[in-house]
Amino acid sequence: MSILDNVAGNLAASTPGSSTELRRATWRGRLQMAVLIVVYVVMFLAFTIPFFWMFFGSIREEAEIFANLYPFTWKTILPIKWSLKNYLDIFGISDDGQKFGLQFQRFLGNSFLVSAGVVLSSLFFNTLAAYFFARLRFPLKNVLLVFVIATMLVPFQATIVPLYIVVDALGMANSYSGLIFPWYASPFVIFALMQFMRDIPTDLDEAAVMDGANLFHILWRVIVPLSIPGIITMALLEFQFIWNLFYWPLILISSPQLQMIQVAIATQTTQTQTFWGRTFAGSVTASLPVIVLFLFLQRYYVQGIALTGLKG
Amino acid sequence: MLATPISTPAKGWGRIWNRRNRYYLIAFLFVLPALINFTVFRYLPILAALRASMYQYSLLGGFGDFVGLDQYHAILSDSFFRNSLWVTLKFTIYKVPLQVLFSLILALFLARENLGTAFVRSAVFTPVVTSVIVVSVLWSMMYHSQLGLINSLLSIAGIPPQAFLSNPDRALPALTAMMIWKDVGFSMIILMAGLKGIPAVYREAAVVDGAKPWEVLWHITLPLLRRVMMFVMVTQTIFSFQVFVPVYAMTRGGPLERTKAVVYYIYQYGFLFQDMGTASAMSIVTLIILLVVSVGQMRLFRSDVSY
């Protein structure tokens with residue numbers, strides 16, 4: 001109960017002020033503090049140990065992963081002999097890697113290409129659409145908005161076979177365009193950017209109209225610069241979405257040369273299930289871009305999820 | 001564009017009509033690409049699936065005979081399809097309430113801003129930004145019956161190595177536990193935003209009136225958070241109902257069909273058995289189930305407390 005009291009107390013006191021200070025001074029408060037720190041450490045480890053195991057497993061000799069499993073000690077997680085062989089393997093630099101025909105640089109390149117295509121095109125088209133809904137006059141605009149919002153109700157994974165039927169009929173199966181085109185517009189991004197643009201005072205674009213600027217100019221010169229935080233947030237979420245996409249490239253792409261890295265992990269390394277080191281190295285390679293971006297731009301992520309999650 | 005002078009002088013109302021139409025036309029061009037995308041890639045697939053579900057249809061053979069609703073009859077009496085819906089439902093029922101509970105606990109513990117909580121928040125959120133496939137591959141190694149990290153951890157407590165994914169009774173709970181681990185940070189962020197949205201006056205007033213902290217939590221914070229928790233529940237239900245990647249990467253639906261969720265079964269029919277007609281019919285049935293859930297969500301949202 002004391003922990004619950006403490007936690008609830010954190011929430012009850014709007015500012016961590018005098019009452020908390022007072023409590024901290026007491027013996028009971030100190031004990032609570034210690035328990036709380038233990039809880040934080042346990043939480044931290046529960047979510048990071050698998051990643052440490054993966055990361056350090058990728059930079060040690062493979063035999064070590066298995067040799068130090070029992071009993072559980074620091075050696076289970078941390079390497080004794082460091083080795084980059086797993087990376088040399090998956091990038092096809094070492095002899096072993098070439099023997100297996102591994103070429104993760106190819107899949108990595110495909111993922112970057114498709115992600116760049118989706119992020120750039122979707123930023124452009126979603127910004128245009130959001131501007132339309134937020135600031136322009138149009139008859140029956142609300143009907144169009146319902147048309148856009150209603151697509152949020154279409155469950156993505158459950159309707160992927162139907163999507164494949166359409167994309168295949170358009171001749172885009174097994175191609176970059178099939179990976180990019182379906183995602184150049186998103187109802188969630190339009191909705192979030194629309195909320196953002198609505199808050200910009202209208203006298204700014206009215207002033208621009210007086211100057212004779214056209215609509216695209218107003219968007220480019222007035223609205224976009226003021227929406228930069230929202231646009232960065234949406235770019236991050238779009239990048240994470242497309243980079244991590246699995247099911248769609250799995251069914252769309254049949255030639256290995258065009259495959260994205262997430263699918264490559266599942267198809268290239270699990271058929272050689274005993275090569276755990278390579279699987280770890282591939283997983284680290286595939287996760288590094290999103291994790292690094294997240295660690296640097298954490299605030300935008302959290303904002304974006306709170307924005308699309310709460311209001312969307 | 002509004003202020004651009006019209007070069008050809010026309011009659012009064014005609015000029016206004018033209019100018020307004022030109023404005024509308026240009027405005028429409030802003031939204032047109034998005035509308036085309038949603039028409040072609042979100043609405044058209046549903047129509048295409050409705051059509052395909054009434055034909056014998058395979059990717060290689062193309063359209064065959066018109067069979068009407070036969071394929072719907074067939075799947076609704078297919079015990080494997082019903083099994084897959086049951087598996088999906090069980091996964092959802094295991095996952096969603098536990099995930100909301102855990103994310104609420106995490107949100108309450110980590111709501112306060114300091115260096116320690118910032119670290120823990122980042123840690124909790126790392127699985128959210130990592131792809132489902134990486135998490136699935138990683139956890140299938142962790143769950144490995146001899147070489148897995150989890151069995152190594154269990155050995156500290158003297159527990160002998162366990163089978164997780166190959167045990168029919170444990171496979172689905174194992175997948176569920178992993179997906180809760182992956183998604184809990186996502187719902188935690190939404191709940192934390194909800195917590196911050198509750199005006200501090202309410203809690204302060206209760207504290208002034210002599211309420212104990214846990215009473216404040218139970219009688220003030222949680223009721224006011226109800227709306228956000230409902231939102232998390234419903235969106236997570238819809239996500240969970242579409243589980244695919246863990247099944248694909250970890251169990252392929254086994255052992256004994258115990259983890260064959262409906263989206264994986266659809267994938268199997270369409271791409272492994274090459275029967276797109278039946279796969280389309282199953283997609284439509286799943287879509288209808290999820291639309292009913294979504295519409296139910298909207299109903300629930302209309303009646304709620306406001307503050």
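How many residues of strand β2 (residues 62-66) of chain B are buried? The count is 0 among the 5 residues of this strand, so to speak a hardly covered element. Here a residue is called buried if 20 or more other C-beta atoms lie within 10 Å of its own, exposed if 12 or fewer, and partly exposed in between, with C-beta atoms placed from the backbone. Strands (E, at least two residues) and helices (H or I, at least four) are DSSP runs, numbered from the N terminus.

Please keep in mind that this is a predicted model, in which local features need pLDDT of at least 70 and side-chain atom pairs count only at pLDDT 80 or more, while totals for chains, interfaces and linings use all residues. Residues are numbered from 1 along each chain as its sequence is written, and chains are lettered from A and ligands numbered from 1 in the order in which they are written.

**The hairpin of chain B**

Strand β2 of chain B has a partner, strand β1 (residues 55-58), and the two run antiparallel over 3 bridges. Strands are said to pair if DSSP finds at least two bridges between them. Together β1(B) and β2(B) make a hairpin, with 3 residues between them. Within this pairing, S58(B) sits opposite G62(B) of β2(B).

**Chain A and its domains**

Chain A has 19 helices and 0 strands. Of its 312 residues, 43% count as buried. Among chain A contacts between residues at least 6 apart in sequence, 71% link residues at least 24 apart; a contact means that the C-beta atoms of two residues, placed from the backbone, lie within 7 Å.

The chain is divided into domain 1 (2-83) and domain 2 (104-311), with bounds that come from an automatic or database domain assignment. Where they meet, 6 residues of domain 1 are in contact with 6 residues of domain 2. On the domain 1 side, α3 and α4 (62-67) of chain A each supply at least two residues, and α3(A) gives the most, with 4 residues. By class, that side has 3 nonpolar, 2 polar and 1 charged residues. In this scheme Ala, Val, Leu, Ile, Met, Phe, Trp, Tyr, Cys and Pro are nonpolar, Asp, Glu, Lys and Arg are charged, and the others, Gly among them, are polar.

**Where the chains meet**

The contact between the chains takes 82 residues from chain A and 83 residues from chain B. Helix α3 (residues 27-58) of chain A gives the most to the chain A side, with 10 residues. That side has 61 nonpolar, 20 polar and 1 charged residues.

The largest nonpolar core has 158 residues, and those with the most contacts inside it are A129(A), I190(A) and F244(B). Such a core is a set of buried Ala, Val, Leu, Ile, Met, Phe, Trp, Tyr and Cys residues joined through C-beta atoms within 7 Å. Helix α7 (residues 171-197) of chain B gives the most to this core, with 14 residues. Domain 1 and domain 2 of chain A both give residues to the core, so it lies between them. Leaving aside residues up to four places away in sequence, A129(A) touches A185(A), I190(A), F30(B), V31(B) and A34(B).

Helix α6 (residues 149-156) of chain B has L149(B), N151(B) and S152(B) as its buried residues. They cover an arc of only 165 degrees around the axis, which puts them on the same side of α6(B); the arc is that of the directions from the helix axis to the C-beta atoms. Their cover includes α3 and α5 (74-77) of chain A together with α5 (132-142) of chain B. Just after α6(B), G158(B) takes a positive phi of about 80 degrees.

**Backbone details in the loops**

Some backbone angles deserve a look.

| Site | Feature | Value |
|---|---|---|
| Y70(A) and P71(A) | cis peptide bond | omega about -10 degrees |
| G254(B) and P255(B) | cis peptide bond | omega about -15 degrees |
| L140(A) | positive phi, not glycine | phi near 55 degrees |
| Q274(B) | positive phi, not glycine | phi about 60 degrees |

P71(A) is in the loop between α4 and α5 of chain A, and P255(B) is in the loop between α10 (245-251) and α11 (262-272) of chain B. L140(A) belongs to the loop between α8 (104-135) and α9 (141-150) of chain A and is exposed, with 9 other C-beta atoms within 10 Å. Q274(B), in the loop between α11 and α12 (276-302) of chain B, is partly exposed, with 13 other C-beta atoms within 10 Å.
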